[in-house]
Amino acid sequence: QLARIDCIVDTNFYTTLLTQTLLPIFMSVLIFLCFLVAKFANRGARERQAQHADRAWSTFLALTYIVFASVSTTVFDTFNCNQIGDDPHFWLARDHSIDCKSPEHVSFKTYASFMIMVYPIGIPLLYAVLLYRSRDRLVKPDRDYDPKISKINFLWQNYEPGKWWFEVFECARRLGMSGVLVFVAQGTASQIVVGIFISVITSGLYIHWRPFEKESDDNLAIVTQVSLFLTLLAALLSKVEVDKTDNYNELIFGIMLIVINSSAVGMILLSQLTKPIHYLFDSVLGTHHHHEGTLRGMNGEQTKDRKGFAQHFLKVANSSAEEGGWKLYVSNTQKWSQFMDYSNATVERRCSTGNGAIDETRAVFVVKWDFERLKSWVLNDSKDLRQGVVENHEIGGGSGRSHHDKKIEYMARKMKGGLYSDRDYLLEGVEGRGESGEWYYCKRSIKSKKLYSYQQSRKLGRVRAKVVYEGWVLHDLGGGEGVRVTYVENVDPGGLLK
């Protein structure tokens, strides 16, 4: 059997405090020394040195993020003392063998005060400085592709561009709930009341700001804050023994406390059922497809810039049935049958990952139009409202004529039947020529609170859809033969329509 370490070595809270506070500092020094060794080994190769510097800096920041909450809590616990029964002495809550009035503990309180400057204050301050220095880059629509801020992406990538600072607030909230409460009349109802006060304030701020890019994350954060409030409320009712002071039936009061605590857990579980429900809809209603094609979904690293994205789109559009795993689509609906009859179109579908619900469609057909006229129609230069579109306009970017010059447009589409919310899209479009001379125009979703935020969509009762890619490839056949058109789309409408 394995023995506990404190059965072999004489340890107490001070051992934990020193280990948790000094070990991250030792690891940080080790990271720095490894960087110096790598820098010396690659002297003269500036690019390699820069890579090692980025790696060391990213590792150090990840370390601070991992240890922040646990170490800060341990440091604050140094000041968490209480009395036991009628004993006039104050004992440390984490270790009742330690007298809080002893000279040794007074020395460790001085040490913990210094560590408060390093961890609970120092780490959020470091984050604040790093984020503030990069604030101009963090509000740009294409910030996900900016290598200058990729080292600190874990601090901002989950938040709206306008809320680039929110991780600092989150650090302060966690400190308030876990550390600051140590200094408020430990073990009393007043301490719980202060916790409820902090919970109410932060719940209101989460509801007002809705800082996360994903609506599901906003909802989960709000539900979590409400559940925390309910848990603290139950603790307060139990602490003041309201069942005895107000002569409540003990059985009814006990059931009420169980319901309050269970509702907190239930709200969190309910908020997390949306993804399983989507998977259930996929398995019951979705059309599944398995194929052995070598061309699969987009690689994040290869397609994060516009050039890589356009190249992948062209590969999908021009792929053979074997390479892409395309499956011929045969429809019995009148609308599709009529379209395929008069256009002589080939319509194919596939699962982009190779195994799962079908999520991509490709249509190939020939149009007897002048090339420039068809190109103008694809770009929608006249800004016509087509196929249920109720709003369509350019709101940023350039002309989209090259990989470096993107066109950004906002579009909203009304859903048929009135059962579902309207969908809207914030898209960047890129235009160019392939290796065989074919012309293409492809679009994908972007996120930008500055241009059009999720909150603006929600106020209009719209759900933000995600376009993985959508676009057209035009091959001019020449000799009056017309233009061969390839249309490809992979769109997630979001909500229950996902």
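Trp 91 stands opposite Asp 99 of strand β3. The model is predicted, so local features require pLDDT of at least 70 and side-chain atom pairs count only at pLDDT 80 or more, while totals for chains, interfaces and linings use all residues. Residues are numbered from 1 along each chain as its sequence is written, and side-chain values use heavy atoms, with hydrogens and water left out. Helices (H or I, at least four residues) and strands (E, at least two) are DSSP runs, numbered from the N terminus.

**Sheet**

- Strand β2 (residues 91-92) pairs with β3 in the antiparallel sense over 2 bridges; two strands pair if DSSP finds at least two bridges between them.
- An open sheet is formed by 3 strands in the order β1-β2-β3, with antiparallel pairing.
- Its edge strands are β1 (81-82) and β3 (95-99), each of which pairs on one side only.
- Strands of a sheet pair through backbone hydrogen bonds, either parallel or antiparallel.

**Nonpolar cores**

- A nonpolar core is a set of buried Ala, Val, Leu, Ile, Met, Phe, Trp, Tyr and Cys residues joined through side-chain atoms within 4.5 Å; buried means under 20% relative accessible area, exposed over 50%, and partly exposed in between (1.4 Å probe, protein chains only).
- The largest nonpolar core has 37 residues, and those with the most contacts inside it are Val 75, Leu 131 and Ile 152.
- At least two residues of this core come from each of α2 (13-41), α3 (46-77), α4 (103-118), α5 (122-133), α7 (153-156) and α8 (166-178).
- Helix α3 supplies the largest share of this core, 8 residues.
- Not counting residues up to four places away in sequence, Val 75 touches Leu 17, Thr 21, Ala 112, Met 115 and Ile 116; contact means heavy atoms within 4.5 Å.
- A second, separate core of 18 residues includes Met 340, Val 347, Ala 363 and Val 483.

**A buried glutamate**

- Glu 348 belongs to strand β6 (residues 346-350) and counts as buried because its relative accessibility is 11%.
- Leaving aside neighbours within four places in sequence, the contacts of Glu 348 include Trp 326, Tyr 329, Glu 360 and Arg 362.

**Positive phi in loops**

- Most residues other than glycine have a negative phi.
- Arg 210, in the loop between α9 (189-209) and α10 (215-239), has a positive phi near 40°; at 16% relative accessibility, Arg 210 counts as buried.
- Asn 344, in the loop between α17 (334-343) and β6, has a positive phi near 55°; at 66% relative accessibility, Asn 344 counts as exposed.
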